[in-house]
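Please look over the sequence and the model shown here before reading on. The points below are grouped by topic, so that each can be followed in the structure itself.

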Amino acid sequence: MYFILICVLLVVLYLYGKRNHNHWKVKGVKFEEPIIFFGSTLNNKLKNVCFSERFINMYREYPDDKYIGFFEGNRPALLIRDPDIIQHIFINIFFNFHHRGANAHKEITEPLMKNIFNADGDLWKIVRQKITPAFTSAKLKAMFPLIVEQAEKLIENADGFIKTDAEIDSRELMARFTTDFIGACGFGINMNSQNDGNSEFRKLGKRIFTFTNRDMIVSILKRTAPNIFKHLHLVSPEVEESTMKLLKYVMAQRNYEPTGRNDFIDMMLELKQKGKISGESIEKRKSDGTTETVEIEVDDELIVAQAFVFFAAGFETSSSSSSYLLHLLAHHPDKQERCQEEIDEVMARYDNKLCYDAVKEMKYLEMAFKEALRIYTPVGWLQRRCVAACKLPGTDFIIDEGTDIVISAQGLHTDDKYFENPDEFEPERFDPDSNKSIKNNAYMPFGAGPRACIGERLGIMQSLAGLAAVLSKFSVSPSKSTVYKPAYDPSSYQISTIVGGLPLSFSRRHWI
């Protein structure tokens with residue numbers, strides 16, 4: 001009797017663990033063979049690769065297919081390889097794919113995942129609409145003196161390192177610069193990362209982007225059984241507690257009222273004073289077909305979530321991409337010399353002072369930065385979730401509601417269909433005066449469509465300013481520890497990081 005019960009239980013567990021795993025076979029779509037219960041979610045761990053590499057490898061394994069199926073637990077997912085289909089999903093029929101897909105459960109969203117990067121539906125739409133004014137050209141220009149202040153500290157910091165050791169981890173150098181700038185422009189506080197690499201804020205920044213075994217297990221559990229583990233938090237308790245503590249302290253210092261600083265926290269406190277924010281729903285319709293107006297309460301939890309992503313995304317992506325450009329310039333001295341000649345020439349027109357207008361004129365530096373983003377894309381994969389079944393253009397294939405969509409931005413960026421000699425560092429491919437054009441949606445380091453990165457211009461501005469400051473005073477070259485093609489950290493999750501940093505040799509161009 002017990003034997004029969006055990007056999008029945010095993011059969012039930014097997015069928016439960018394999019549910020939906022014939023989804024792509026029935027639809028006639030090529031797919032990665034899933035593991036019972038887990039689907040493809042263990043692949044990056046089993047193959048010891050980061051998430052970005054996992055999707056790059058899948059992208060390259062099927063060079064002649066427009067899309068490939070896989071499974072996140074038991075949820076069907078689809079890797080899209082074709083830029084025209086990507087355009088369709090991200091822009092043309094965006095309303096069918098407006099969910100990011102980071103939240104495993106439909107209804108329960110943990111506190112820090114309520115930020116505009118990860119939030120879905122009306123919460124995402126209305127909060128983004130209200131935050132967008134923080135990134136206008138006028139606002140960015142007003143922030144620039146803060147960048148100059150931190151850029152001066154960056155130069156002092158680099159010079160201090162040179163006095164003790166010519167080898168500098170450019171990744172850490174730029175991370176401290178961007179951390180302090182985000183602290184100043186976003187929260188009105190001195191994070192002191194440039195003077196103290198072990199400051200509370202620098203440690204918090206490192207932890208946010210360290211994907212630990214705990215984080216991996218929670219992520220797998222939530223994707224494998226979202227209903228059972230709906231109350232588990234993807235964001236680790238120490239990150240959640242530290243962020244909440246930091247932001248509540250900053251708001252308390254201002255008595256929970258705007259202070260006239262016109263920084264990010266001031267803007268959020270202004271919204272909090274209104275109590276609720278409202279806008280047209282992206283999800284709800286009246287009986288006559290018109291959109292409903294919905295309201296969102298602005299509480300401390302919502303403010304902290306937005307501040308969390310402003311801090312995390314603001315320093316990490318910019319420091320990663322700017323340090324990788326320094327790495328590439330160290331190996332291409334002719335390109336470095338051209339960047340420095342342009343910087344010198346432009347700065348001379350502005351009394352050798354770094355300013356907003358000067359950085360805007362550094363076109364070759366911007367081209368080199370865009371090329372670095374192509375070769376090494378910090379956010380190497382993008383995700384969406386289908387909220388309403390629809391047919392892919394030019395096919396009879398229907399994507400079902402609930403299907404996750406993944407784009408390997410890094411795969412597209414290194415595909416020779418779209419970029420000639422994709423492994424070569426060629427800033428000239430981004431020359432706006434060139435006759436060559438880049439295919440739409442084959443280059444998307446900041447995403448595309450209505451959910452593209454809201455801070456793109458801020459990220460580019462602070463990165464170019466930091467790079468101009470460094471290259472105006474220093475030259476970089478490979479050091480004894482430099483690896484030309486450094487390895488990705490297998491523990492990387494949303495943002496790809498490099499194992500061992502990016503050590504380079506710095507030398508003064510002029511006495512400081």
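Predicted model: local features only at pLDDT ≥ 70, side-chain atom pairs only at ≥ 80, totals over all residues.

- Strand β1 covers residues 67-72, and six of its six residues are buried, so the strand is largely enclosed by the rest of the structure.
- Tyr67, Gly69 and Phe71 point one way from β1, while Ile68, Phe70 and Glu72 point the other way, and all are buried.
- In a regular strand, side chains alternate between the two faces of the sheet.
- Strand β2, residues 75-80, runs antiparallel to β1 and is joined to β1 by six bridges, with leucine 78 of β2 standing opposite glycine 69.
- Two residues lie between the strands of this hairpin, and glycine 73 in the turn has a positive phi of about 70°.

**The largest nonpolar core and helix α13**
- The largest nonpolar core has 154 residues, among which Leu365 and Phe506 touch the most other members.
- Helix α13, residues 300-331, gives this core its largest share, which is 16 residues.
- Serine 320 also lies in helix α13, and serine 320 counts as buried because its relative accessible area is 2%, which is under the 20% cut-off.
- A polar atom of the serine 320 side chain lies 2.9 Å from the backbone oxygen of glutamate 316.

- Tyr2, Leu5, Ile6, Leu9, Leu10 and Leu13 make a nonpolar surface patch of about 660 Å².
- One of these residues, isoleucine 6, lies in helix α1, which covers residues 2-18.

Conventions. Residues numbered from 1 in each chain as written. Heavy atoms only, no water. Buried < 20%, exposed > 50% of the residue type's maximum accessible area, 1.4 Å probe, protein only. Helix = DSSP H or I, 4+ residues; strand = E, 2+ residues; numbered from the N terminus. Pairing = 2+ DSSP bridges. Patch = residues over 30% accessible without salt bridge, like charges linked within 9 Å, V, L, I, M, F, W, Y side chains within 5 Å. Areas by Shrake-Rupley, 256 points an atom, 1.4 Å probe, with all protein chains shown as cover. Salt bridge = Lys/Arg side-chain N within 4 Å of Asp/Glu carboxyl O. Core = buried A, V, L, I, M, F, W, Y, C linked by side-chain atoms within 4.5 Å. Polar contact = N/O pair within 3.5 Å; in protein donor to acceptor, adjacent residues only side chain to side chain.
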